[in-house]
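Here are my notes on this one, as numbered points. Have the model open while you read.

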Amino acid sequence: MYNNFGCCDSSKDRELMDKFYRIMDNFDYYGYAKCAGYIQDIICQECSPFAAHLYDAEDSSTPVKTLPGLCGDYCSEFWLKCRSTITLLTGDLQLEKLEQDRDRFCQYLELGDPDYCYPHLLVNEQLTRNLGRVTANSEGCLQLCLEEVANGLRNPLAMVHANDGTHRFFIAEQVGLVWTYLPDRSRLEKPFLNISAAVLTSPWEGDERGFLGLVLHPHFKFNGKLYVYYSVEVDFEEKIRISEFRISASDMNAVDHSSERIILEVDEPSSNHNGGQLLFADDGYLYIFTGDGGMAGDPFGKFGNSQNKSALLGKVLRIDVDNNDRGPLYTIPPDNPFIHEPQARPEIYAYGVRNMWRCSVDRGDPVTREGKGRIFCGDVGQNKYEEVDIIEKGKNYGWRAKEGFSCYDKKLCANSSLDDVLPIYAYPHKMGKSVTGGYVYRGCEYPNMNGMYIFGDFMSGRLMILQENKRTRQWDYNEICMGTGQTCMFPGLINNYYQYVISFAEDEAGELYFMSTGIPSATSYSGVVYKLVDPSRRAPPRKCHYDPLPVKVKSRLINFVPKEKLVVESAKRPKAKATNAPVRRPPRATEVPQPATPDWLEEFMQILRNQQETTTATPTTTKPAKTRKGSREKGRQGRRRKGHRQLESAIRNGTLRLANKEGRHNQGRVEIYIQNEWGTVCDDLWNIKAAAVVCRQLGFLYVVRASKKAQFGEGKHLRILLDDVQCEGYEDSLLDCKHAEIGKHNCDHSEDAGVICGNDEYGEY
């Protein structure tokens with residue numbers, strides 16, 4: 001009946017069938033004809049996609065029912081015809097006591113939510129319309145959920161698995177440390193790799209230099225080789241370096257740091273657009289994705305680095321690192337496309353790329369293998385478009401002649417010899433300004449997601465999906481939203497995340513993850529790793545089961561402690577996220593739309609500069625962000641945090657203060673100064689957007705909660721000055737939002753509105 005939903009496997013089905021026949025063997029033909037249908041329907045609800053509702057299993061404070069919740073009319077019919085089966089169906093002593101009393105029996109099986117009682121839920125269109133599908137909200141966003149996998153990381157930008165049956169994974173931080181995680185998500189105290197002393201980066205937000213890429217050799221299990229991509233400074237010159245390391249002979253969870261061999265170094269003329277992706281494709285060769293050298297518009301030479309095949313910048317490189325223990329550290333694959341062009345570097349596989357940030361190899365459909373081996377990349381744009389490409393041998397991806405589908409350098413764009421490949425998808429900067437490439441989902445656990453290319457945007461925090469239309473061969477776009485309502489109300493699931501989406505990853509089983517951070521600095525411990533979860537349909541139990549091989553551990557284990565919480569009042573997208581837990585979606589309590597700028601870095605720095613301004617009418621205190629010893633201090637010296645003390649001088653209309661009995665500066669009843677008096681705000685229509693305006697005006701970076709019902713006490717000594725406040729979230733003051741006439745309201749002080757604000761990733765309670 002429910003084999004498409006993965007709630008029961010074949011062994012459970014046989015178990016229920018045996019139970020059915022054990023019960024029905026007690027009846028003659030007449031009893032069988034009268035009750036068999038009821039019995040089958042009732043016991044099969046264990047496999048219903050609504051089983052958690054029907055058996056009241058979602059509320060941990062109540063016992064799980066032994067029979068599903070039945071609608072009153074159905075329950076009455078069942079009791080009248082087949083009540084003799086009750087003791088056979090369940091061992092619940094309470095139900096057996098109620099067997100002779102129809103009303104009390106059916107009342108006992110009632111559910112708190114009558115919409116979910118059986119069998120009425122089967123004809124409830126609202127409940128069954130998208131059953132078993134990845135559901136979309138009213139705006140077309142596909143609703144997914146998350147599991148928190150790791151936290152407390154400093155700009156986590158790569159996660160790879162060992163592919164050796166242990167199901168370990170390794171997470172790299174921008175500062176140059178890589179950590180080992182076991183399948184139970186515990187972390188080894190000793191780093192897998194630590195080259196932080198050599199890595200060039202800094203604490204200032206937006207620094208694109210650092211440890212940028214990590215990949216393990218396809219035969220890592222046997223040869224212990226891995227490759228890293230990082231920024232270095234040699235004789236005051238900045239370079240990108242690709243090095244080979246080997247695993248320690250005495251510890252399978254540690255790298256032999258003395259084994260480093262520098263495979264390749266490339267001079268970097270500027271500190272941005274450093275590339276950073278390493279991967280092994282199905283052909284066994286190592287692919288290296290370099291940036292165009294930085295600045296804006298690829299200004300290097302007549303046509304820029306990306307179109308210059310004698311330069312290694314702005315390229316996809318392909319080299320052979322097998323059999324390199326003696327002789328050259330790498331060789332050129334014999335079918336590299338430009339190997340016979342005298343002026344071209346033989347390492348080049350494709351060119352015309354700007355700054356590809358995160359690429360992946362498609363594992364292919366689990367059954368048909370369709371799509372296997374395709375290389376997907378996100379290429380960060382200049383000032384108009386972000387794009388997603390499929391990398392092919394010898395192709396020109398257009399930069400700097402083109403950006404997305406449009407011309408950037410009109411003279412180059414008009415060149416008939418350009419012969420460039422168009423992206424499979426491009427989006428404008430109103431949607432996001434720095435693409436983060438992802439993966440095609442080919443895992444086992446969530447069949448509906450098969451074939452979806454899932455990627456994101458670093459600046460806007462959007463999570464997005466592309467899916468190939470088999471008929472048109474075009475790629476259809478959808479956006480991912482965090483599940484609302486009861487979509488993610490299952491143990492371990494959450495529906496919120498940090499905004500700055502840095503990277504995506506795939507584990508050994510093919511499940512997908514992404515990494516994001518609250519403060520995009522190499523020294524901020526606000527990075528979290530999330531696993532993507534589709535709650536609408538999962539694979540049958542044990543279909544995706546695996547038994548990891550044992551791992552010999554020589555370091556102390558640090559158990560994983562999740563910090564994220566489910567947000568009941570969830571927003572449609574992360575950019576408007578509200579949470580009762582610490583807000584995981586900075587940089588501010590609200591985002592103000594920004595115009596397009598000449599370059600991503602300039603745009604990013606402008607947003608950070610904007611974060612230093614507050615609209616409160618009172619002085620603030622500041623303190624500098626922590627800096628890492630030995631770091632080069634270029635540009636800004638780090639993030640400056642706002643203080644929160646207010647002085648009641650020069651009070652202007654719209655000035656705010658928070659009132660609470662505990663004297664906490666970051667939370668309280670909202671009181672506003674209007675026309676020479678202080679007053680309160682009614683919570684009618686009060687929501688997270690209005691709270692964001694309050695927190696931002698008071699100088700906080702985060703909004704944690706929009707509170708209602710006089711959570712922080714009633715301000716009876718004041719008049720209610722504002723009611724029906726409706727904000728977009730970017731206003732400078734509550735007075736700039738829509739609201740009822742000053743002093744007009746239809747509420748009392750039991751509905752005084754409040755807020756909880758925060759100024760770091762863990763909130764300030």
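1. By DSSP, the protein comes to 12 helices and 37 strands, counting runs of H or I of at least four residues as helices and runs of E of at least two as strands, numbered from the N terminus. Keep in mind that this is a predicted model, where local features need pLDDT of at least 70, side-chain atom pairs count only at pLDDT 80 or more, and totals for chains, interfaces and linings use all residues. Residues are numbered from 1 along each chain as its sequence is written, and side-chain values use heavy atoms, with hydrogens and water left out.

2. Of the 765 residues in the protein, 59% are buried (under 20% relative accessible area, 1.4 Å probe, protein chains only). Of the contacts (heavy atoms within 4.5 Å) between residues at least 6 apart in sequence, 64% join residues at least 24 apart.

3. Have a look at helix H4 (residues 72-82): its buried residues are Tyr 74, Cys 75, Phe 78, Trp 79 and Cys 82. They line one face of the helix, because seen down the axis of H4 they fall within an arc of 135° (taken from the directions from the helix axis to the C-beta atoms). As a reminder, an α-helix has 3.6 residues a turn, so residues three or four places apart point the same way. The cover over the buried residues of H4 includes helix H2 (29-43), helix H5 (86-89) and helix H7 (102-108).

4. Next, an open sheet: four strands in the order S15-S16-S17-S20, with antiparallel pairing (strands pair if DSSP finds at least two bridges between them). Strands S15 (356-361) and S20 (425-428) are the edges, each pairing on one side only.

5. S15 and strand S16 (residues 375-379) run antiparallel, joined by four bridges. Met 356 stands opposite Asp 379 in S16.

Terms used: Buried < 20%, exposed > 50% of the residue type's maximum accessible area, 1.4 Å probe, protein only.
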